[in-house]
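Subject: Structure handover

Hi,

Here is the structure I promised to pass on. Please open it and keep it beside this email as you read.

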Amino acid sequence: MRRITILAIAIIATGVVAAVAGARTHGGSLSLVGYSTPKTVMGKIIQLWQQTPAGKDVSFNTSYGPSGDQARAVAAGLKADLVFLSTGLDVDTLVDAGLVDKNWQNQTYKGNEAYSVVVFAFRGGNPKHIRTWDDLVKPGVQIVTPNPFSSGSAKWNVLAAYAAARHEGKTDKQARAFVQKLFKNVVSQDSSGRNATNTFLAGKGDVLLTYESEAVAAQQAGQNIAYLVPGSTMLIELPIAPVKSSSNLDLAKKFIAFTKTAPAQNLLAQAGYRPVLKSVAKKYRSKFPTRALVTIDGPLFGGWRKVDKRWFDPNKGLMVGIERAVGGPTG
C-alpha cells in the first residue's frame, strides 16, 4: 500500500479543464482497493481529481492485486473506502460481507467505471499465426492465462472461450470440452492479470489471454507486443463501488462520480479502457473494434451469481474439474 500526496501537475492529456460537482472539501483521505492492472491509470485519475475543488488536499492509500484476493482481503478487514474490481462477482463478495450496498448496480452505468474485452496478445509478430479461438487448441500452442480462482481476468478468459465455442454452434457439453482442451495448452497460471503479462513478456508461451487494456498498457510501456480482438469475445465490465461503512462515504462517492466524467474517461480511453461515457466512447470509436460481444448478464450466462455457482465454486464448479483434469491449480 502506498501514500499518494498532493501533486502539482500540468494537465494536458485530456484537453479538458476538470470540474466536479459539489462543494469544496477540506482534505481527507481515501483508501482505494483495486485489481492489479489499472494501477497506473488510476494514479493519473487520482492526480487529476486532486486538482479540482472536490479533490483538493485529499490523499489516497491504494492497494492493487488479484481481484478475487483483494475482495476477500477487504471482507476480512483490509481498510477500504471504495473498491475498483475486475468482476461484479468480487463486488458481490463484499455485498455478502455486508460492506457494499446490495443495489450497487443501480449506480450510473450499472456501477461500472470502464469496459474492456478479452484479447489474444503476442510477442514477436505472432509466429504461430494464431487468429481464432480454434487456433488456441492446436497441438504445440502454449497459452498464458491467470488462475481463475484468484484472478478476475482469468474468469473472463474462461467465459470468453466458452462463449466463443457456443457462438460457433457447439452444444454446452461440446463448449465445456473445448475449454478443457484449451486449458491443456496452458503453460502458466499466475495469480493476477498483471503477473500473467509479466510472465508472458519474460518469454513464456505463444499467446496471452488478457484484457485489451492490459495489452495496450504493455505497448505504451515500450514492450514488443501485439494483440487482436477475436471474432467473438466477452465484454468485460469493471465495477467501482463505495464501502457503505466508510467514514468517508460522501468523499468516496464524489471520487467515483469523477471517474465517470469526461476528463477521467479520456484518461481511461488513452490507457486502452473502453469508456462508459458515450460522448468519450464515440470519440475513441476507431480505437476499439466492435466484435460479437457477449455480456455476463445475457441469456448465455445469466449473471455472476449463476456463473460463480456453475463455473468457479471451489468445491464442485466446472473449473475445479477442468483444472484437475489438466493438472492445474484448484485454489
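Below are notes on the domains, the spaces between them and some helix contacts.

First, the ground rules. This is a predicted model, in which local features need pLDDT of at least 70, side-chain atom pairs count only at pLDDT 80 or more, and totals for chains, interfaces and linings use all residues. Residues are numbered from 1 along each chain as its sequence is written, and side-chain values use heavy atoms, with hydrogens and water left out.

**Domains**

The protein splits into domain 1 (27-114 + 236-287) and domain 2 (116-235 + 291-326). These bounds come from an automatic or database domain assignment. The domain centres, taken over C-alpha atoms, are 24 Å apart. Across the interface, 25 residues of domain 1 are in contact with 29 residues of domain 2. Contact means heavy atoms within 4.5 Å.

**The largest pocket**

Some terms come first. On a 1 Å grid over the protein atoms alone, a pocket is an open set of points with protein on both sides within 12 Å along at least five of seven lines. A cavity is a set where a 1.4 Å probe fits but cannot get out. Lining residues have an atom within 4 Å of a point. Points are joined across faces, edges and corners, and a volume is the space filled by probe spheres set on them.

The largest pocket holds about 360 Å³ of space. It is lined by 20 residues, and Thr40, Arg194, Ala217, Gln220 and Ala271 are the closest to its centre. Where does the pocket lie? Both domain 1 and domain 2 give residues to its lining, so the pocket lies between them.

Helices H1 (39-49), H7 (193-201), H8 (212-220) and H10 (262-270) each supply at least two lining residues. H8 gives the largest share, five residues. Helices are DSSP runs (H or I, at least four residues), numbered from the N terminus. By class, the pocket lining has nine nonpolar, eight polar and three charged residues. Ala, Val, Leu, Ile, Met, Phe, Trp, Tyr, Cys and Pro count as nonpolar; Asp, Glu, Lys and Arg as charged; the others, Gly among them, as polar.

**The cavity**

There is one cavity of 30 Å³ or more. The largest cavity holds about 40 Å³. Its lining includes Tyr35, Ser36, Ser151, Gly152 and Tyr211. The lining has three nonpolar, nine polar and no charged residues.

**Helix packing**

Two packed helices are described by the angle between their axes and the distance between the axes. Axes are lines fitted to C-alpha atoms, for helices over the stretch in contact, and angles run from 0 to 180 degrees between N-to-C directions. Angles under 35 degrees count as roughly parallel, over 145 as roughly antiparallel, 65 to 115 as roughly perpendicular and the rest as oblique.

- H2 (residues 67-75) and H3 pack at about 10 degrees, with axes 9 Å apart. They are therefore roughly parallel. Ser67, Gly68, Ala71, Val74 and Ala75 of H2 meet Asp90, Thr93 and Leu94 of H3.
- H3 (residues 88-96) and H12 (residues 304-312) have axes that come within 9 Å and cross at roughly 95 degrees. They are therefore roughly perpendicular. Gly88, Leu89, Asp92, Val95 and Asp96 of H3 touch Trp304, Arg305 and Asp308 of H12. This contact has three nonpolar, one polar and four charged residues.
- H12 and H13 (residues 318-326) have axes that come within 4 Å and cross at roughly 30 degrees. That makes them roughly parallel. Arg310, Trp311 and Phe312 of H12 meet Leu318, Met319 and Ile322 of H13. This contact has five nonpolar, no polar and one charged residues.

Best wishes
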